[in-house]
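Subject: Handing over a structure, with notes on what was found

Dear colleague,

I am passing the sequence and the structure on to you below, and I would be glad if you kept them open while you read. The notes that follow go through them slowly.

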Protein chains: 2
Amino acid sequence: MTNEPDFIALLRNIARDPAARGLDDDAAVWNIGYQTLVLAHDSMVEGVHFLSDDPPQDIAWKLVAVNFSDLAAKGAIPLACLTSYSLSGDPEWDRRFATGLGQALQHYGAILLGGDTVSQPSGDARCLGLTAIGRSTVPVPPARNGAIAGDFLYVTGAIGNGWAGLQRLRGGHHNPDHLISAYRRPVALINEGRALAQVAHAMMDISDGLLIDAKRMADASRLHVRIELDKVPLSPEFADVIGITRQTRLAAATGGDDYQLLFAADPLAHLPIAAHKVGKFSAGQGLSLYEAGESVPLPDNLGWLHNG
Amino acid sequence: MTNEPDFIALLRNIARDPAARGLDDDAAVWNIGYQTLVLAHDSMVEGVHFLSDDPPQDIAWKLVAVNFSDLAAKGAIPLACLTSYSLSGDPEWDRRFATGLGQALQHYGAILLGGDTVSQPSGDARCLGLTAIGRSTVPVPPARNGAIAGDFLYVTGAIGNGWAGLQRLRGGHHNPDHLISAYRRPVALINEGRALAQVAHAMMDISDGLLIDAKRMADASRLHVRIELDKVPLSPEFADVIGITRQTRLAAATGGDDYQLLFAADPLAHLPIAAHKVGKFSAGQGLSLYEAGESVPLPDNLGWLHNG
C-alpha cells in the first residue's frame, strides 16, 4: 500500500517550480501577470470526508469551505473555482448540491469558472473535487515553514467542534446543532487569514488535527513545538456534550475538521485579531505535549490520517 | 437519473460570470491581472475514460493531454496544473503514474502546482482529475458559438484512431501500435490551436465524437451544419485495420477520443496550417450528414455520451 507521503515525495520531483512550494504547503503561490494567485485543490470522498446521509447542500458547502480555508491560511481572497462533480443518480440530490454550491460561492463572493461532470459506477463512493483560486493580499503569503524559534503558536478559535459533530452524527443525532454544523458547514476564515497574514511567520488551516498540523509546521520549519493541551480552546457546546477531560482534550486536538487557522508569530507581535496561544516553538525537532505544566504522552495518532 | 446536461443547466445559474462562458465552452476564459487565463478541469473514471489495464504512465499522460487539448482549442499555451489523484494501493503503479505525469508535463512545458491525494474504497473505479491553466495567445479565444453562416467546418487530422485503438484493446491486442497509442497517449495540439486561434470563428477539440461535437458547435452558434462523411479524414492504419465502409466512417465520426481540433473559418480565410474541410454551416439548425452527395441517416448516437 502506497501512502500519501510516499506518493507526494514522487510528485515533489516533478513539482520543482517555486510556485508549488515543494508541495509542503496547503496551497500553491503563483506569480502570474503581475498578480500573486493562490491555488488549492481538495477532493472529498463519500464515507471518508463526508457521510452518505449528509445533506447535499452541506456537502457542497463543505467542498467550497475546505478549499477556501486553504486560501484563507495564505491570506488570500477567494476569486474563482472549478468543480469535479460525480452525478448522484438522483436529480433532487444533484439539485440540492447545486443549491449549496451556489450559496457557498455567494457567501465568499467567488465565481464558478467551470469543471467537469462524470458518472461513477453505481454504488461506488462518490468523489468530488474543487480547485480554488484566490488572490494574495500580501507580497509573500505565509508558508508552513516560516516559524522561528521563540515564536508562539496560536489558533483562531475553538478546536474539536467538527470532531464532536461527527460523533453526534455517528451517535444518531441529526438535528443540526452547533457541533453538527461545525462538521457539515465549516467556514473558511478569509478575513482572519487576511489580517493574520500581515504578522504570521507561518500559517496553515487545521484540517487533519491540531497536533498533526502543528507538528507539520514544526517539521517544515525545522523546529520543536511544545503544545499546552489545557490551553487549547474548547467551545461551551463541546464542554456540554463531550465533557472536558484529558481524553476529550486529546480527541479535540487530534480530531480534525476544525478549519481554524494555526499560526506562528513573534511573542511581541501585535495580533490584529484575538487568538489563543497554545504553544511555543524552540530549537530542536518534534512535538511535545503538556497539561498544567506536566508532560503528557503523545497519542498514537496525532490526527485524522484519511489520506485527504 | 440526472443526466449531465440537466446538471449543467443547474450550474449555469451559478456560473454567471462571463469568464465561465455560460459553461458552453470547453474552457473558461478569465481576465485576471492583465492576463487572459484559460482554465479547464476534466476528470477520468476507470472503465469509462481509461481501461483498468492501461499502463499507468499512459493514464497520467492522457489525463494531462485531454485537459491541455481543451486549452489548445482556445489557442492557449499550457502553463500549470493541479491534480486530484486517488492512490492505487500499489506503490509500483503509483510510481509509474508519477513518471507519466512528469513526462507529459515536461512535453508541454507546464508546471505542477499542487493538488490532492485521496484513498477511494478498495474496488471502486478510480477517479482522477486535473485542472489545467493556460495563457491565451489571442485577445479573445475562439468560443464554440462563433461560427457564421457560410463558414466551412474543418478538422486538423485523422478521425477515429482513438476509437479504433480502443476496439483493438477490447479485441485483445496489446502491442502499442499507432491506433492503440492514439487511444492511450493522445497529443494536445497546442501549436496548431495557437495558429488557428488567429483565424477560427469557433473552435473546440473533438473528445466525444466528430458528429456530436460539430452539432454542439452548430447549436451554440444557432446554425445548421452539414457534414460530408466521405470527407472525414481517416488514417492509413484505420483503413488497414478497421476498413472503410459507411459503417466504419460513422464509427470514426462518433467514436470520440480524437483530440483533433474542430473549427469554423471563413471560406476565404488563409489557414495557417493544413486542415481538412469536412462540412459547412448555414442558417437553420441541427446536423445533416452526406456521403458523395447523398443524404445519410443520422446514427442513433452522435458521440460517446459517457458523461465525461
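Two strands are said to pair if DSSP finds at least two bridges between them, and the descriptions of sheets below rest on that rule. Please also keep in mind that this is a predicted model.

The sheet in chain A

With that rule in hand, you can look at strand S6 (residues 152–155) of chain A, which is joined by four bridges to strand S9 (residues 261–265) of chain A, the two strands running antiparallel. Within this pair, the residue that stands opposite Tyr154(A) is Phe263(A) in S9(A). S6(A) is also joined by four bridges to strand S10 (residues 276–282) of chain A, again in the antiparallel sense, and there Leu153(A) has Gly279(A) of S10(A) opposite it. S10(A) in turn is linked through four bridges to strand S8 (residues 224–228) of chain A, and these two also run antiparallel, with His224(A) standing opposite Ser282(A) in S10(A).

These strands belong to an open sheet of seven strands in chain A, whose order is S7-S9-S6-S10-S8-S11-S12 and whose pairing is mixed. Which strands stand at the edges of this sheet? They are strand S7 (202–205) and strand S12 (294–296) of chain A, and because each has a single partner strand, one side of each is left without a neighbour in the sheet. From one strand to the next, the twist of this sheet averages 30°.

The sheet in chain B

In chain B you will find an open sheet of five strands, again with mixed pairing, in the order S1-S2-S5-S3-S4. Here the edges are taken by strand S1 (28–32) and strand S4 (111–118) of chain B, each of which has a single partner strand, so one side of each has no neighbour in the sheet. Neighbouring strands of this sheet are turned against each other by 20° on average, if direction is ignored.

Inside this sheet, S2(B) and S5(B) run antiparallel and are joined by nine bridges, and Met44(B) is found opposite Leu128(B) in S5(B). Helix H2 (residues 56–72) of chain B packs on the sheet, where it touches S2, strand S3 (76–86) and S5 of chain B, and its direction makes about 140° with that of S2(B). Helix H3 (residues 91–108) of chain B packs on the sheet as well, touching S3, S4 and S5 of chain B, with a direction that makes about 170° with that of S3(B).

How the two chains are related

Chain A can be laid on chain B by a turn of 180° and a shift of 0.0 Å along the axis, which gives an RMSD of 0.0 Å; that is the relation of a two-fold axis. Since 100% of the interface residues of chain A are also interface residues in chain B, the copies meet through the same surface.

The cavities

The structure holds three cavities of 30 Å³ or more, and the largest cavity has a volume of about 50 Å³. Its lining draws on both chains, including His41(A), Ser84(A), Cys127(A), His41(B), Ser84(B) and Cys127(B). Strand S2 (35–45) and strand S5 (127–136) of chain A, together with strand S2 (35–45) and strand S5 (127–136) of chain B, each supply at least two residues of that lining. By class, the lining of the largest cavity has four nonpolar and eight polar residues, and no charged residues.

With best wishes

Definitions and conventions. Residues are numbered from 1 along each chain as its sequence is written. Chains are lettered from A and ligands numbered from 1 in the order in which they are written. This is a predicted model: local features need pLDDT of at least 70, side-chain atom pairs count only at pLDDT 80 or more; totals for chains, interfaces and linings use all residues. Side-chain values use heavy atoms; hydrogens and water are left out. Copies are superposed by least squares on the C-alpha atoms of residues with pLDDT of at least 70 in both. Contact means heavy atoms within 4.5 Å. On a 1 Å grid over the protein atoms alone, a cavity is a set of points where a 1.4 Å probe fits but cannot get out, and a pocket is an open set with protein on both sides within 12 Å along at least five of seven lines; lining residues have an atom within 4 Å of a point. Grid points are joined across faces, edges and corners, and a volume is the space filled by probe spheres set on the points. Ala, Val, Leu, Ile, Met, Phe, Trp, Tyr, Cys and Pro count as nonpolar, Asp, Glu, Lys and Arg as charged, and the others, Gly among them, as polar. Axes are lines fitted to C-alpha atoms, for helices over the stretch in contact, and angles run from 0 to 180 degrees between N-to-C directions.
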